[in-house]
Every structure is written in structure tokens, then in C-alpha cells.
Amino acid sequence: FDNWPLDCEDPNVGQVAWQVYGNDWARAYFWGNNNVDFIMQMQNVDVTADARLSFKWSHSGLYATSYPNDDLAILSRPADSTAWDTLFYARAGDGNFDSQDGAGTTTPGTGVQEIILLPSHYTGQEVEFIINGHSSWGPDAFVNDFVVEEVPACLEPLGFTTTMINPDSVAFYFTADTSGSSWNIEWGPCGFTPGTGPTGTLNNDTSGLGGLTAATCYDLYIQTVCGSTGQSIWAGPFSFYTACDTLPLPWNEGFELMPSVGAGIVPQCWDYSTTSTFYLGTASGTSGQNPGPNSGTKYLYHRYSFNNEWWSFTPEFNLSAGQSYEFSFWYQTEGATSIDQMTIAYGAGQDPSQMTYSVASQTGVSATGYTQFVGTFIPPVSGVYHIGIMTMTTGFSGGINMDDFQLRLDPSP
């Protein structure tokens, strides 16, 4: 979908037309339409050999329970047939329409790659394809890189499983094409651009990587090499997190490397305390009075709490007694409604009862524009500590977004 308007496809077959998003995504604007179908008629394909369909899709599962009838289907049929075959179907209420790739309500994530073999009786026929998205007013749906191609000489890896995850290494295996002679790999931080990361070659389907950073999201791509007959396409990204460990300073967290966001979803090695995941999590984009991120696209949020205390806890840090540290983050409240109390504390664990030492506490917190909190503290005892952020409201209103966290040595002790 790099060139829009489309030359050979019709995005306006349904009740509402598909749109272009960015430079290459086709977008079904679910967020602004209810109970309508978005149907795109693709160019007919002359299937002269056994073929397959590959495409990417992206859709946030954040409101799946509120909008369960959001769905996406890829249908096909020989041109002389009246019966459609369903190649792909995902529905929010069935739990399989959440790409978990960083998608927001109106923005795509990195995309989930699908590869589907076409029915064998298609070979030798002209075949029609349509993309059908149905909106029940949930997050937008996105499709990209729609390709019908001959089945390659060897297949890309079809699965990936981690068998051991450490702070600095990972062991894994994948389901390999038995005709493969070796496998090329490339890896990097989640969201990295393929072609820019470290590379290597594997001789079997069980291996590992070392020299990794703790509590970090990584993407791995794998390509089958089938001797003299060629190579498969790259498969991936296969995403994984390294295990938690004490993190070095300075430490920064802007949530941009999270592969998915949503209610109750926080970065690796964070934790939280709330009565329901509805009230705390991460998100991208804006809606209503929600101000969105301070920078990038993602952020942490706490909602109203009815006199309850909602806590978010950072990963662990090895801090020294007598050393002054500076902890900071940016926050903005929803509209002019204030947070009745916000407290920053630290302690030995990720539980409210373990927040032993106070950094600062404020009441009547209201910020219609992003404002930076900066607090300093000196641990009385050397050890491993987590920092906690607590918010509380007395009623059924208010919310706060937080972004761009930092912990460093105090620059002005």
C-alpha cells in the first residue's frame, strides 16, 4: 500500500472506505464508525504454481471486552466461483485480534506477520481476494505488505520458543524446514530496523545468544538457507525479554521499547498494586481528555481510585548508603481534575508494605501540561531498592499520565 490512491485495488467496496495511514498501512477507521464493514477488493492473481499469501496486520486489544465484534477477515475464491474461502479470521471477542505490537486506538504497531498456504485447487486458476474489516467502534485495524507468491524452495522457521532466559543470555529453539542446511539470524532491541543489527549463522534449530542487557526486549529474525536452491524469507520478529537484574545508572524508561501496551501491562521487571487492571497500565495515543505521552508514543497511566492507593514499582537498583540520587519523571493530569495525593517512596520490594522510605508526597496534584517531578534521596543503608509511585483520588474522576522516568546520581548533591 505504498502508493495511494491504489492502482489496481478498490478500497471502497464496503460501507466505509479503507484509508491510507502513514506511507504504507491500509487503515480501517473503526474508532470513528460503528457497525459497518470496510471491504477492499484486491487485484486478481493468476496462480500458476502452488502459492501462499503473506501480510501484516495490527490492532490493539485494549478494548476487546467493550467492542467484542471488531474483526478482520481475508477471503478468497477462484474467479469463476461464488463461494468464498476464509484464509484468515480474527475477532476481538475471541481473544485473537490483539496484535500486541504496540498498536494504539488509532495507530498501528510493528505488525504481526501471517503466512498462509493457498488451497491446492487454486493452482492454475485466476483468484480473487478481499480484505473485510467489521467495526463495532473499537480501535482501528491496519493491514500491510499483502503479497501472493509462489511457495519458496525452502520455508522460513514457523515457530520460536525460549528454553532458558537469563539477564544476559537466552537459549531457544525453532521449528525448522528439514531441507535447510543452515539458518541466518539477526537480532537487536525490539523495534530495530532489520539490516542494522548483529548477525550470525546457526547450524541447527537449537541455539542461544549472549552478551545481552538485562530486563530488555529483543527482536530476533531467522532465515532458512537451503543450500544451492536459495533462501527463505526472513521470519520474525520473535520477541523476548531478558531476565530482571539490578539495573545500572543512569536509568531511563520512556516505554517506547514495549512490544505491547494495555491495561495491566507494564515494562519487564516493573510491578504494580491495584484492585483491577482497569485502573493502571500503559497506553499509546490520546482520547477525550487523556493527554497522551510526554514524548514518543507510549506512557504509564493511573486512573481514579475511590480512596484506594494505586502503586507502580520500578525495577531494582543497587544503591549505596550516603550517596544522593535524583529520581524524576514527567506527568500530566486529565483536564483540570486533580489527583488528591501522589507519593514517591522506595524500599526493598515491589509491594506497598515495603515502601519504607519517602522521597516526596504532594496533594492536589493538577497539571494541564506535562510537568516534571524531580526528587532527591539518600539511602540510609546500601542495598537493592525499588522506587514506587502512588496515586490516590477520593472520587470517580481524575487520572494521570506519567512518562520519561529517570534515576541517576544526584548532579547537585
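**Salt bridges across the chain**

I would like to begin with Arg 52, which forms a salt bridge with Glu 149, their closest N and O atoms lying 3.0 Å apart; by salt bridge I mean a side-chain nitrogen of Lys or Arg within 4 Å of a carboxyl oxygen of Asp or Glu. This pair links distant parts of the chain, since Arg 52 sits in strand β5 (residues 51–58) and Glu 149 in strand β10 (residues 141–150), 97 residues apart, where strands are DSSP runs of E, at least two residues long, numbered from the N terminus.

Please keep in mind that this is a predicted model, in which local features need pLDDT of at least 70 and side-chain atom pairs count only at pLDDT 80 or more, while totals for chains, interfaces and linings use all residues. Residues are numbered from 1 along each chain as its sequence is written, and side-chain values use heavy atoms, with hydrogens and water left out.

Arg 52 also forms a salt bridge with Glu 156, again with 3.0 Å between the closest N and O atoms, and Glu 156 lies in the loop between β10 and β11 (159–165), 104 residues from Arg 52.

Finally, the whole structure holds six salt bridges, including one between Glu 326 and Arg 408, at 2.7 Å.

Technical notes. Helices (H or I, at least four residues) and strands (E, at least two) are DSSP runs, numbered from the N terminus.
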